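Work through the exercises below with the structure open beside you, and try each task before reading its solution.

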Amino acid sequence: MYCDNKGALSAAFGWKHPNPRWASYDLVSLIRYHLSQSPIKWKAQHIRGHQDRHTKYENLDIIAQGNVDADRYAAIEMEANRSVDQRVIIGEPWELRQNGKRIVGDIEKRIRNTIHEREMKEYWRKKFSITAEQQDQVHWEVFKKVNRMNEDWVQTWMAKYNSRIGGVRKNMHRRKHATDDKCPCCEEREDTDHLLQCKNKDIQEVYDEKLREIKEWMEKHTSEEMIKGVEAVIEAFRNGTDLNLEGCHDNMVKAAARQQFELGQRAFVGGWWSRRWSTLQNIYYREQGKKNKASIWVARLISQIQDMIRNMWFERNSQLHNKEQSQHNERMNQNLNTRITKIYERLNKATPTKRVLNDDERYYFSRNENEIKRRRIRSKHRWVKEAEDIIEILEIKLKRNNSITNYLTYAAKEYG
Ligand SMILES: [Zn+2]
């Protein structure tokens, strides 16, 4: 059996027992069943896909041609949008349905989601401060799509963001992990809502850049009026202002934007969007003669807005890191300066004329206090550590009641 997907091959031929958590559990089970029933002994063989990209179909060997054919058939089948054949295939694993639809893929996850869906809705409704009446305006399937679309770490990040328990200063301060709740970029109080609203210059840059990307994407996939509507909502939440729909002339788009604005910033970023958006996008697709799914468009748009916020957060983190680093350096610098002052005090006390210093020591203290203090932190640090040792030895040397033997053993130890 030839296949251009190594993962699929090892799922079908490997030693691991198929698990309902696998993405194509039903298909893998079916293939394995038939492999085991077949009188032929099958062997797995990986083959590079899409070889016709570099070589003419006619010049490929029969196996590579077969791979190209299979790709073409799959594309045709997908275009055909055929309804799924309901007949039972021998060897299929048991089948589970929900609302009349067959559950394929990660069955365990789906069961868990189905059981907890009502609770989940209620949880997010409260987090997004939405009334039960407003909830009916929201496209729940889109929200679920966005989550499924995101990688695991992004899902976790968004869940924390939406639950308002992420590492913003307000939370860190409350947990006593920070001394204040000020935004590291602009000194305003930093709660979760502030992430989208921070007016720091570099964060503004990230915002502008990402918004431009989102608009470019929208230009390819929706109408001009839709872009205006969506942008008006983003800008209003970013700037904490009222919705400004002056440039927008489509009344339906205006109505969608207004409803979205009423749902609030948290729902907007979290992915609780008005159903009106997908209705409008559906109209756009039909006018264009396209069969695309409007809900996927909305989910992609939300996902990009969330990505924008995460990028603003990353910029904020790097600023926080620099700030902490410079505060740390400042503290360290002050500490070293104090030690330098102390070293020179001890030096002057021990030998006001510097006559008793040997050549090495004299060389070491040939620069004055302020010159040393002006040095860069690393070289300053090295100097201080050594100078403190030298001074200590010098003091011992000069203490009249200390025997010369003491000094020699000490000096031998220190200077090697
Ligand atoms: Zn800020």
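Predicted model: local features only at pLDDT ≥ 70, side-chain atom pairs only at ≥ 80, totals over all residues.

**Exercise 1.** Describe the course of helix H4 (residues 107-127) and find which parts of the model its buried residues pack against.

*Solution.* Begin with the length: H4 has 21 residues and reaches 28 Å from its first C-alpha to its last, which is close to the 30 Å expected at 1.5 Å a residue. Next, follow the axis, which bends by about 60° at Glu117. Glu117 is also buried, as are Ile107, Trp124 and Arg125 in this helix. Then look at the surroundings, where the buried residues of H4 pack against helix H2 (25-37), helix H5 (132-135), helix H6 (140-149) and helix H7 (152-163). Finally, step just past the end of H4, where Ser129 takes a positive phi of about 50°.

**Exercise 2.** Identify the donors of the zinc ion and work out which arrangement they form.

*Solution.* Start with the atoms: Cys183 (SG), Cys186 (SG), His194 (NE2) and Cys198 (SG) coordinate the zinc ion at 2.1 to 2.3 Å. Along the chain, these donors follow the spacing C-x2-C-x7-H-x3-C. Now place two of them: Cys183 lies in the loop between helix H8 (169-174) and helix H9 (194-197), while His194 lies in helix H9, so the pair ties together parts that are 11 residues apart in sequence. Both Cys183 and His194 are buried. Last, consider the angles: the four donor atoms subtend 99 to 116° around the zinc ion, and the arrangement is therefore tetrahedral. For comparison, the ideal angle for four tetrahedral donors at a metal is 109.5 degrees.

Technical notes. Residues numbered from 1 in each chain as written. Heavy atoms only, no water. Helix = DSSP H or I, 4+ residues; strand = E, 2+ residues; numbered from the N terminus. Expected span 1.5 Å × (residues − 1). Bend = angle between axes of the 7 residues up to and from the residue. Buried < 20%, exposed > 50% of the residue type's maximum accessible area, 1.4 Å probe, protein only. Contact = heavy atoms within 4.5 Å. Donors = N, O, S within 2.8 Å, 3.2 Å for Na, K, Ca; no water. Tetrahedral: all angles 85-135°; square planar, octahedral: opposite > 155°, others 65-115°.
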